[in-house]
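Q: Could we go through this model together? I would like to begin with the pockets.
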Amino acid sequence: MSQHAHGDTPVISSTGLFTPSHIISNAELVASFNAYADRYNAANPQAEPLTYSSVEFVEKASGIKSRHVIDKRAIVDPDIMEPRYPERPDDQISLMAEIGVAACRDALERAGRNIQDVDAVLCAASNMQRAYPAMAVEIQHELGMQRGFGFDMNVACSSATFGIQTAADYIRSGNARSVLVVNPEITSGHLNWRDRDSHFIFGDVATAILVEAKDMAPAQHWEILGTRLKTQFSNNIRNNFGFLNRAHGQGPVDQSGPRNDKLFVQEGRKVFKEVVPMVGQMIIEHAESLGLSGTNLRRMWLHQANTGMNRLIAQKVLGHEASEDESPTVLDTYANTSSAGSIIAFHKHNEDLAAGDIGLICSFGAGYSAGSVFVRKVA
Ligand SMILES: CC(C)(COP(=O)(O)OP(=O)(O)OC[C@H]1O[C@@H](n2cnc3c(N)ncnc32)[C@H](O)[C@@H]1OP(=O)(O)O)[C@@H](O)C(=O)NCCC(=O)NCCS
């Protein structure tokens with residue numbers, strides 16, 4: 001690894017995206033949920049009956065129209081309603097590393113970067129497939145890195161921005177010059193597909209961000225003007241799955257009932273109300289500290305959880321209703337992809353910007369956690 005007494009200016013050299021080919025539309029999702037509800041109600045006449053989900057509700061409440069998943073067949077089967085991704089032997093690449101590697105390769109190719117020049121891999125995501133060896137170390141190995149280091153980090157929906165700041169700090173300190181931040185999000189694994197309140201929320205994807213020292217970056221890149229992170233404890237988004245579950249004596253995941261706290265659960269309305277002002281204020285304060293304001297912002301690539309939240313946050317920051325051009329949406333076709341959402345938005349909607357344009361990548365979610373990354377295009 002290159003050790004520099006004086007650190008370098010961090011930039012985003014490129015991003016990468018892997019999108020699974022299976023798509024579940026709202027109509028398909030709701031049909032399978034309603035078929036499950038019919039079966040559940042027939043089999044449990046004493047229990048409180050499950051009510052139908054609706055396409056209209058999902059689209060109006062969230063803005064989500066469809067989502068990608070690794071394999072939809074078991075998910076939409078009303079007799080299963082869970083993903084089925086067969087366990088692989090230890091000498092085969094794990095599923096999470098596989099999609100992470102695909103996103104990394106895309107980012108490396110776009111930057112024209114040789115893997116031997118990369119110093120570190122940070123796997124930053126809201127769930128890890130296993131405890132160890134780290135997913136990042138497996139990805140490092142699969143990419144053919146002969147040196148350097150990797151580790152996993154989890155800050156739920158904010159994992160990618162926390163990863164970007166960590167990578168930028170390595171570059172500022174001189175501890176690394178080229179860092180891959182990778183966000184493989186297999187959210188279909190933590191989503192309770194039998195829960196009407198949340199079954200529509202998530203989708204699977206993997207993104208990667210190549211954060212590098214400016215002097216080695218490709219001619220076209222994004223200078224990182226500033227990063228800021230924030231956490232504030234809240235139980236309103238929670239997942240109690242963990243290694244101590246077996247010690248509680250009920251098995252790792254309790255499958256009974258439509259609601260189950262060993263998978264994703266949230267108080268969506270409270271999250272909406274509490275996170276919007278928290279994030280709006282954070283962005284404005286961070287911008288001010290950099291001598292910027294909403295008027296300097298050409299585009300915001302916001303976390304993709306809910307179009308209503310994004311509309312309110314963008315309006316507060318920009319001072320007017322944001323156009324799709326100023327605050328692009330990807331959750332209509334990707335749903336909430338946890339930490340990857342703002343990175344997909346950035347990946348798909350940055351090429352049209354001009355040199356000197358300033359933008360903001362911003363994530364928010366469980367913890368609560370939020371991260372903001374101001375960037376300026378260099379071309
Ligand atoms: C989750 C979310 C879309 C729900 O929308 P909402 O408008 O808050 O909806 P609520 O949960 O309050 O439910 C409103 C009504 O719709 C009903 N409803 C809930 N799910 C439904 C479904 N799938 N189909 C039909 N109706 C449904 C509820 O039962 C409730 O009915 P009631 O008014 O008769 O009690 C929204 O709160 C949200 O996106 N919040 C932010 C979440 C977030 O960002 N989380 C971060 C995750 S990383």
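A: The second largest pocket holds about 240 Å³ of space. A pocket here is an open set of points on a 1 Å grid over the protein atoms alone, where a 1.4 Å probe fits, with protein on both sides within 12 Å along at least five of seven lines. Its volume is the space filled by probe spheres set on the points, which are joined across faces, edges and corners.

Q: Which residues are closest to the centre of that second largest pocket?
A: Ser13, Ser14, Gln220, Asn350 and Glu351 are the closest, out of 13 lining residues; a lining residue has an atom within 4 Å of a point. Two or more lining residues come from each of β1 (10-18), β8 (221-231) and α9 (341-348). Helices (H or I, at least four residues) and strands (E, at least two) are DSSP runs, numbered from the N terminus.

Q: Which element gives the most to that lining?
A: That is β1, with four residues. By class, the lining of the second largest pocket has four nonpolar, seven polar and two charged residues. Ala, Val, Leu, Ile, Met, Phe, Trp, Tyr, Cys and Pro count as nonpolar, Asp, Glu, Lys and Arg as charged, and the others, Gly among them, as polar.

Q: Before we go on, what kind of model is this?
A: It is a predicted model, in which local features need pLDDT of at least 70 and side-chain atom pairs count only at pLDDT 80 or more, while totals for chains, interfaces and linings use all residues. Residues are numbered from 1 along each chain as its sequence is written, and side-chain values use heavy atoms, with hydrogens and water left out.

Q: Now the ligand. How many residues surround it?
A: There are 18, and the closest are Cys157, Arg196, Gln266, Arg269 and Asn306; a residue counts if one of its heavy atoms lies within 4 Å. The shell around the ligand comprises eight nonpolar, seven polar and three charged residues.

Q: Which polar side-chain atom lies 2.7 Å from an oxygen atom of the ligand?
A: It belongs to Asn306. A polar side-chain atom of Ser53 is 2.9 Å from a ligand nitrogen atom, and a backbone N or O atom of Ser54 is 3.1 Å from a ligand nitrogen atom. A polar contact is a pair of N or O atoms within 3.5 Å.

Q: And how much of the ligand does the protein bury?
A: The protein buries 72% of the 980 Å² that the ligand exposes when taken alone, with areas from the Shrake-Rupley method and a 1.4 Å probe. Both α2 (55-62) and α6 (268-289) give two or more residues to the shell, and α6 gives the most, with three.

Q: Changing topic, where is the cis peptide bond from Tyr132 to Pro133?
A: Pro133 is in the loop between β4 (120-124) and α4 (135-142), and omega for that bond is near -5 degrees. The bond from Gly367 to Tyr368 is also cis, with omega near -10 degrees. Tyr368 sits in the loop between β12 (358-365) and β13 (369-378).

Methods: Polar contact = N/O pair within 3.5 Å; in protein donor to acceptor, adjacent residues only side chain to side chain.
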